[in-house]
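Please read them beside the coordinates.

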Amino acid sequence: MTDLPSLRETLDAHGLLAKKSFGQHFLLDLNVTRKIVRYAGPFEGRSVIEVGPGPGGLTRAILESDAGKVVLVEKDPRFIPLLSELDDGSGRLTIVEGDALNVREAQLVEGPAHLVSNLPYNVGTPLLIKWLTGPWTPCALTLMFQKEVAERVVAAPGDDAYGRLAVITQAVAEARIVMHLPAAAFTPPPKVASAVVHVVPKAERPSPERLKKLERVTAAAFGQRRKMLRSSLKQLGGAALCEAAGIEPDARAEVIDIAGFLRLADALAPTKP
């Protein structure tokens, strides 16, 4: 990696600028990207998937690490030639042009794999939900989000940021913020600060059916978060559902912990096929 031109020189040579429609903000400081990779590792030879690598700042740091196979998923075709310059011909690097929301990760890597990404702002939340609730589960995720989204991922009951994202994430994983970055760290600088979240899926996870019911309950409860649960959950059973789960019907969603929401999901009648 040390023989390569700087990221800014590479972008200039290819005449590339960030696309607002893709939510792109480039992290060009290799000292910062190396720090992110240190938080994500050690990888101990396991595969790493990176989504939205753009000019490859984080990619360079991953390739310097003890990662095994490195798979890049990039939607913007402009960056494929630039990323190809990082391939040393060893077969370690694979570049996939496509939308990460539609990619089947199990077809890209074998065995346990890490996800390390500076996620495009416009798809960060749906990607996290996909990885945490879908059929393929990484062994760990180290992801950069807008600061506001990162705070929603790790929020506790009673916090202003506590909502569906916190409940679903924390029902299946342990999550913590490991790093904050100001807007000035990016090119072009976004209007908000960012934060890196490290997420480790739990060994004991709710079944897919239980997760689907949890998503239904949290959608209803937080869709009208200022209402009492007897009202916000009316279409799902209201007060009777709350009582079956041992939850006070007059409580509001923002004070119910993860265990409480799981009990609500368990008390929910199964959907008809």
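1. At what angle do helix H5 and helix H7 pack, and how far apart are their axes? This is a predicted model, and in it H5 (residues 124–133) and H7 (residues 164–172) pack at an angle of about 30°, with the axes 10 Å apart. Angles under 35 degrees count as roughly parallel, so H5 and H7 are roughly parallel to each other. Their crossing is left-handed. From H5, the contact is made by Thr125, Leu128, Ile129, Leu132 and Thr133, and from H7 by Leu165, Ile168, Thr169 and Val172. By type, the residues of this contact of H5 with H7 are six nonpolar, three polar and no charged.

2. On the H2 side, Leu30, Thr33, Arg34, Ile36 and Val37 take part; they meet Gly57, Leu58, Arg60, Ala61, Ile62 and Glu64 of H3. The residues of the contact of H2 with H3 comprise six nonpolar, two polar and three charged. For H5 with H7, to set the two side by side, the division is six nonpolar, three polar and no charged.

3. Which residues have the most contacts inside the largest nonpolar core? They are Val51, Val73, Trp131, Leu229, Leu233, Phe261 and Leu264, in a core of 57 residues. Another core lies apart from it, with 28 residues, among them Phe26, Ile36, Phe43 and Phe186. Ile36 is also one of the H2 residues that meet H3.

4. For Leu229, the contacts beyond four places in sequence are Ala221, Lys234, Cys242, Ile247, Glu248, Pro249, Ala251, Arg252, Ala253 and Ile256. Charged residues on this list include Lys234, Glu248 and Arg252.

5. Is Leu72 buried or exposed? Leu72, found in strand S3 (residues 70–74), has a relative accessible area of 0% and is therefore buried, the cut-off being under 20%. Neighbours within four places in sequence aside, Leu72 is in contact with Glu50, Pro53, Thr59, Leu83, Leu93, Thr94, Ile95 and Val96. His180 is 108 residues away from Leu72 along the chain, and their C-alpha atoms are separated by 24 Å.

6. Glu151 lies in helix H6 (residues 147–154). Its relative accessibility is 33%, so Glu151 counts as partly exposed. With neighbours up to four places away in sequence left aside, Glu151 is in contact with Ala161 and Ile177. The C-alpha atoms of Glu151 and Ala161 are 6.4 Å apart, and the two residues are separated by ten residues along the chain.

7. Where is Val255 found? Val255 is in the loop between helix H10 (238–244) and helix H11 (258–267). Not counting residues up to four places away in sequence, Val255 touches Pro157 and Gly158. Gly52 is 203 residues from Val255 along the chain, with 35 Å between their C-alpha atoms.

How values were computed:
Residues are numbered from 1 along each chain as its sequence is written. This is a predicted model: local features need pLDDT of at least 70, side-chain atom pairs count only at pLDDT 80 or more; totals for chains, interfaces and linings use all residues. Side-chain values use heavy atoms; hydrogens and water are left out. A nonpolar core is a set of buried Ala, Val, Leu, Ile, Met, Phe, Trp, Tyr and Cys residues joined through side-chain atoms within 4.5 Å. Buried means under 20% relative accessible area, exposed over 50%, partly exposed in between (1.4 Å probe, protein chains only). Contact means heavy atoms within 4.5 Å. Helices (H or I, at least four residues) and strands (E, at least two) are DSSP runs, numbered from the N terminus. Axes are lines fitted to C-alpha atoms, for helices over the stretch in contact, and angles run from 0 to 180 degrees between N-to-C directions. Angles under 35 degrees count as roughly parallel, over 145 as roughly antiparallel, 65 to 115 as roughly perpendicular and the rest as oblique. A crossing is left-handed if the near helix is turned anticlockwise from the far one by less than a right angle, and right-handed if clockwise.
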